[in-house]
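Hi,

Here is the structure I promised to pass on.

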Amino acid sequence: MATKSPFLSEPKTVSIVGCPFRGGQARAGVDEGPIYLVKAGLVEQIEELGWKVKFDGHHLFEDIEQELAPTRNEDVLGKVKNPKLVSRVCEAVAKTVGDHARKGELPLTLGGDHSLAMGTVSGVFSAYPDACLIWCDAHADINTVESTGSGNLHGMPVSFLLGIGQKLPMFEWLKPVLKPEKIVYIGLRDVDKAEKKILKDNGIKAFSMHEVDKYGIGKVVEMALDHVNPKRTLPIHLSFDVDALDPSVAPSTGTPVRGGLSFREGHYICEAICETGLLVGLDIMEVNPALPNMDDKMSVRQTVAIGCSLTRASLGETLL
């Protein structure tokens, strides 16, 4: 069981928000990620760590999909793809996550693509406005409406949460809950030129794989926490994209980049954040059971198992 929390209610409860959603990117299969994670026994695994678990099925967003279906092909604004769909889904996620957080429960959001973080972070920060965000990812996901090359919203959630770049009318609900000094990245290694400028211009702290190699993961996590949570008193939201891990460790994901975190480095991040006793929100994102292909069942099993074990490490599982 994790360290006693100053924020969570007793008995400590994880509320799983399953989000089978892929509207923030083009590759099929990532919407199956949460279903595979739960089928792998994640609920029971969390319960074995001493948590109470609430899970009443996945949020399928069928009502939103049906409502927008007649105009789905027109859901483009400039380069940005599916903005209405992503906005509506993330708004629903924000409400659900925020409701759980305000009850003193720990929302665990299973994605699904990383555009969902617009909802998860908004929800957690609505309950904990002074929270900080640790973003583990190969990518910075901080492109703006102006800088995006692909138009895929899973590469843009951080800019929306910070309120930088052009505002889209359908995202009027989304407030800039995040301050540049309250986010830190770990694991970056595939950052667009425009994103590098955004990070620099906004003074955002990022530890790339270069720093992980140079200092070791223990020191990097310590420096990351020193930056966003120096007194270790603030709530922490951890948003973990499995592509932060090396593709040899987590192959079933949509945008793999070699040279990533090892199995142990990824788990150490989760263990160290758990040890603080300050975790109030957790995202496990971008597990895609359709990749690298439907026949590669070993890669899928391996990546799903990693998604489960990262979750357990964040919730108190230790090696001894």
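This is a predicted model: local features need pLDDT of at least 70, side-chain atom pairs count only at pLDDT 80 or more; totals for chains, interfaces and linings use all residues.

Residues are numbered from 1 along each chain as its sequence is written, and side-chain values use heavy atoms, without hydrogens and water.

The largest pocket comes out at about 270 Å³. A pocket here is an open set of points on a 1 Å grid over the protein atoms alone, where a 1.4 Å probe fits, with protein on both sides within 12 Å along at least five of seven lines; lining residues have an atom within 4 Å of a point. The volume is the space filled by probe spheres set on the points, which are joined across faces, edges and corners. Of its 19 lining residues, Asp141, Asn143, His154, Gly155 and Asp192 are closest to the centre.

Next, helix α5 (residues 117–127) has nine of its eleven residues buried, meaning under 20% relative accessible area with a 1.4 Å probe, protein chains only. Helices are DSSP runs of H or I, at least four residues, and strands are runs of E, at least two, numbered from the N terminus. The cover over those buried residues includes α4 (83–102) and β5 (106–111).

Finally, there are three aromatic pairs, i.e. Phe, Tyr or Trp (six-membered) rings with centres within 6.5 Å; planes over 60 degrees apart count as edge-to-face. Phe7 and Tyr128 pair edge-to-face, 5.8 Å centre to centre with 75° between the planes.

Cheers

Note on methods:
Buried means under 20% relative accessible area, exposed over 50%, partly exposed in between (1.4 Å probe, protein chains only). Contact means heavy atoms within 4.5 Å. Rings of Phe, Tyr and Trp (its six-membered ring) pair if their centres lie within 6.5 Å; planes under 30 degrees apart count as stacked, over 60 as edge-to-face and the rest as tilted.
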